[in-house]
Amino acid sequence: MASKKSTNEGAGSVLGTMSGAAEVGAGAGKKSIPADLLKKVTGTAVLAGTIADNEAKPQEFAAAREDVRVPSAGVTAKPASPLVSASSVSESVTSEKVGAGAPKPGENAVTGNLDRVRVDSGAQGLTTNQGVPVADNQNSLKIGARGPTALEDFILREKITHFDHERIPERVVHARGSAAHGYFESYGDFSELTRATSFAAAGKRTPVFVRFSTVAGGAGSADTVRDVRGFAVKFYTDEGNWDLVGNNIPVFFIQDAMKFPDLVHALKPEPHFGMPQASSAHDTFWDFVSLMPESTHMLLWQMSDRAIPRSYRMMQGFGVHTFRLVNASGESVFCKFHWTPLAGTHSLAWDEAVKIGGADPDFHRRDLWEAIEAGHAPEWELSLQVFTEEQAGNFDFDVLDPTKLVPEELVPLTPVGRMVLDRNPDNFFAETEQVAFCTAHVVPGVDFSNDPLLQGRIHSYLDTQISRLGGVNFHELPINAPLAPVHNNQRDGMHRQAIHRGRVSYEPNSLGGGCPFQAGAAGFSSFPQAEQGDKLRIKPEKFADHYSQAKLFWNSQSLPEKMHIIKAFRFELTRVQTPAIRQRVVSLLANVDDSLAEGVAAGLGFDMPAPAPVIAGAPAPEYAPSPALSLTSYPGDSGITTRKVAILVADGVDTVVLGKIYDVLLEHGAVPRVVAPRLGAVKGKGAVTWQADVTIDAAPSALYDALIVPPGDASAISLCEHGLAVEFIKDQYRHCKPIMVLDDGSTMLDRAELPAVLPTGDPDFSLINATSGQLDEALAQFIQALAGPRELGRETDPPVV
């Protein structure tokens with residue numbers, strides 16, 4: 001009698017995890033094998049069998065593609081059940097920790113908005129990092145009240161150890177930064193230029209996180225140093241994160257990334273004694289740039305008022321490099337990015353910046369935070385300079401040279417959207433400090449040019465983030481995580497947060513149904529730029545023109561701006577100890593403009609040196625002045641919103657007039673601050689008092705955009721006898737800010753010896769001396785003056801006040 005074949009054939013293969021039978025039937029071991037396990041194993045076999053080979057492989061080669069620019073999508077197969085692609089059949093077991101078990105199909109819960117990681121400890125007891133309640137957070141565990149601390153005090157050890165390690169390495173450059181959340185809103189559909197989804201439709205909003213920074217100083221340096229400012233924008237787009245990592249200056253010091261370590265080493269504190277902090281005013285920096293004539297253009301920008309902005313909210317931003325935009329048809333144009341603040345472009349006076357650095361080193365950080373908290377969200381307009389490769393070839397300069405800009409007269413700006421920053425971070429470290437920007441983070445529709453500095457940055461930024469943030473998983477930090485889903489085969493590494501389901505971590509595969517699969521035409525594809533030539537370490541010929549655009553910048557500045565540039569060069573080079581370095585710098589300036597070079601040389605006490613050798617073989621192009629390169633071209637349209645106005649008072653002030661002034665300033669969005677010799681109630685006429693906001697010595701003049709001295713005989717007498725009050729009004733005058741005095745307050749002008757007219761004899765519109773009866777007219781003039789540019793006509797060299 002023939003024996004009946006067992007229905008358990010292949011069951012051992014189902015129960016084991018190594019090797020297996022050639023075939024396992026769907027009914028194998030039904031009575032003794034868990035149904036889910038059998039379903040998973042047999043389903044996996046079926047799924048793998050549906051992908052016989054890698055059908056996409058031939059598409060890797062040009063001959064097999066109809067369009068060589070568009071890769072094919074990966075081959076996929078759908079599993080019969082979500083269980084087939086699971087890590088284990090036990091994923092259905094739930095608990096408070098593992099949650100519901102399996103994720104939703106195709107979901108990566110590590111990405112998404114920040115609500116998933118927000119923490120509030122209100123009404124909660126103190127715990128360890130393991131969630132253990134802490135009974136006593138005042139005392140370490142000791143052997144007797146006066147005995148040694150026990151090694152077993154795990155609460156103390158955890159607390160101290162975390163404290164010891166809670167600071168991560170700061171950025172090598174851009175360490176000092178401030179940031180905010182907001183959104184970018186497109187003005188229209190710009191799909192003819194780019195397939196980037198942020199520009200797909202009018203009104204489309206893309207969340208952004210923006211970090212502003214200085215470059216040279218450490219995290220604890222002052223905000224108001226003379227320096228380039230970083231302007232980095234992270235767009236959380238539908239198709240991943242795009243980082244537009246730029247500066248507030250559209251050009252840079254060097255032409256090739258090979259020189260970036262040299263530049264930063266020269267700029268940083270000198271290695272033998274660690275000085276100076278956050279300053280370029282020392283020998284090694286000027287030694288380096290004096291031997292790098294391509295730096296000349298950037299040096300003029302750095303010595304200009306651009307390098308000491310009034311506020312992060314009042315400075316432009318630039319992508320610096322030439323980028324590519326690519327549309328859905330694969331057509332490409334070159335592009336330059338420009339951010340223009342709606343509040344206008346405004347700067348600090350150098351003397352003012354120095355004093356602010358001592359009085360409030362967090363001046364720019366505080367300004368950004370306070371404006372957003374007060375509901376005055378700063379805004380910028382994003383504009384593009386778009387030009388073809390053919391147009392670029394006809395320019396007098398090379399668009400791949402980051403020491404050059406594209407004049408707006410040559411390629412006008414095209415506004416494409418606005419950016420609004422309307423939310424401050426919840427936690428400085430978790431967001432502002434841990435955010436990681438990288439020029440390599442682009443999205444479909446945005447691509448690179450062959451700018452040799454940009455090409456180096458693509459590598460450098462990623463490498464830096466890995467070092468600074470502890471490993472390759474910095475992208476999983478909440479502030480860096482995209483809103484777009486993340487699905488790839490990257491695994492493990494320090495600080496990994498995602499818990500991946502399934503056994504597949506490679507592509508191509510059949511065990512995961514071919515997933516995740518390459519996106520093909522839906523994914524990012526590099527523009528197929530044709531390249532030819534020998535491998536050489538060399539620069540293009542047009543890179544050799546080092547002075548034409550420096551001349552363009554100089555000739556585009558107003559007379560006060562030119563004087564500021566000369567003074568800045570004098571200040572910086574005076575601090576250089578080596579005479580030969582000073583002379584080399586001036587020899588570079590001699591190729592820009594005689595008055596510039598002569599003005600700097602005179603201040604340094606030597607005759608004009610011969611101009612530095614000019615390398616360019618072709619005749620240098622001549623540019624007409626470009627008004628857009630002057631800060632005066634962007635006054636802004638936000639009136640006096642967020643402007644800080646000091647109201648200087650003492651006992652005896654007319655509190656009625658003070659109240660009217662205060663109310664009008666608030667109505668116009670300004671921030672009035674009553675400044676007095678001491679805190680507390682300032683006594684007015686009768687029994688009326690007014691609370692002082694701050695004292696004269698705690699918040700000096702440099703912290704305010706304007707000054708008002710209200711009426712009051714006793715108040716004026718007291719202020720005239722207060723040396724700091726007199727210096728307060730003098731500094732307001734020196735820094736060219738609006739001043740309004742009423743009635744008895746006018747005695748302050750006499751005490752400070754301030755002239756009633758400008759040095760030219762013309763009226764000083766920003767110096768208003770009026771009576772209380774003229775209050776409405778005086779306030780209107782004051783507001784107009786405060787909303788406009790500073791009264792730079794007061795400046796003389798040397799100052800008369």
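UniProt positions are given in the numbering used here, feature names are shortened, and annotations may be inferred rather than shown by experiment. The views below show a predicted model, in which local features need pLDDT of at least 70 and side-chain atom pairs count only at pLDDT 80 or more, while totals for chains, interfaces and linings use all residues. Residues are numbered from 1 along each chain as its sequence is written, and side-chain values use heavy atoms, with hydrogens and water left out.

View 1. An unreviewed UniProt entry places the feature "domain: Catalase core" at residues 127-515. Helices (H or I, at least four residues) and strands (E, at least two) are DSSP runs, numbered from the N terminus.

View 2. Rolling a probe the size of a water molecule over the atoms shows where empty space is left. On a 1 Å grid over the protein atoms alone, a cavity is a set of points where a 1.4 Å probe fits but cannot get out, whereas a pocket is an open set with protein on both sides within 12 Å along at least five of seven lines; lining residues have an atom within 4 Å of a point. Grid points are joined across faces, edges and corners, and a volume is the space filled by probe spheres set on the points. The structure holds 6 cavities of 30 Å³ or more, and the largest cavity has a volume of about 180 Å³. Its lining is made by 20 residues, of which Pro250, Phe318, His338, Gln385 and Leu405 are the closest to the centre. Strand E7 (residues 332-341) gives the most to this lining, with 3 residues. By class, the lining of the largest cavity has 11 nonpolar, 6 polar and 3 charged residues, where Ala, Val, Leu, Ile, Met, Phe, Trp, Tyr, Cys and Pro count as nonpolar, Asp, Glu, Lys and Arg as charged, and the others, Gly among them, as polar.

**View 3. The second largest cavity.** The volume of the second largest cavity is about 90 Å³. Among the 13 residues that line this cavity, Asn108, Val110, His475, Glu476 and Val486 are the closest to its centre. The lining of the second largest cavity divides into 5 nonpolar, 6 polar and 2 charged residues.

**View 4. The second largest pocket.** The second largest pocket holds about 830 Å³ of space. It is lined by 38 residues, and those closest to its centre are Val173, His174, Phe260, Ser460 and Tyr461. At least two lining residues come from each of strand E2 (205-214), strand E3 (229-237), strand E4 (240-247), helix H4 (260-267) and helix H11 (452-468), with H11 giving the most, 8 residues. The lining of this pocket comprises 21 nonpolar, 13 polar and 4 charged residues.

**View 5. Helix H13 and what covers it.** The expected span of a helix is 1.5 Å times one less than its number of residues, so the 16 residues of helix H13 (residues 559-574) should span 22 Å, and the 23 Å between its end C-alpha atoms agrees. Buried residues (under 20% relative accessible area, with exposed over 50% and partly exposed in between; 1.4 Å probe, protein chains only) in H13 include His564, Ile565, Ile566, Ala568 and Phe569. Leucine 792, in the segment after helix H20 (775-787), is partly exposed, with a relative accessible area of 26%. Leaving aside residues up to four places away in sequence, leucine 792 touches Pro560, His564 and Cys736.

**View 6. Backbone geometry at four sites.** Most residues other than glycine have a negative phi, and most peptide bonds are trans. Valine 320, in the loop between strand E5 (317-318) and strand E6 (323-326), has a positive phi of about 70° although it is not a glycine, and it counts as buried at 5% relative accessibility. Threonine 642 has a positive phi near 75°, and its relative accessibility of 6% counts as buried. The peptide bond from glutamate 507 to proline 508 is cis, with omega near 5°, and proline 508 lies in the loop between H11 and H12. The bond from aspartate 797 to proline 798 is cis, with omega near 5°, and proline 798 is found in the segment after H20.

Notes
Contact = heavy atoms within 4.5 Å.
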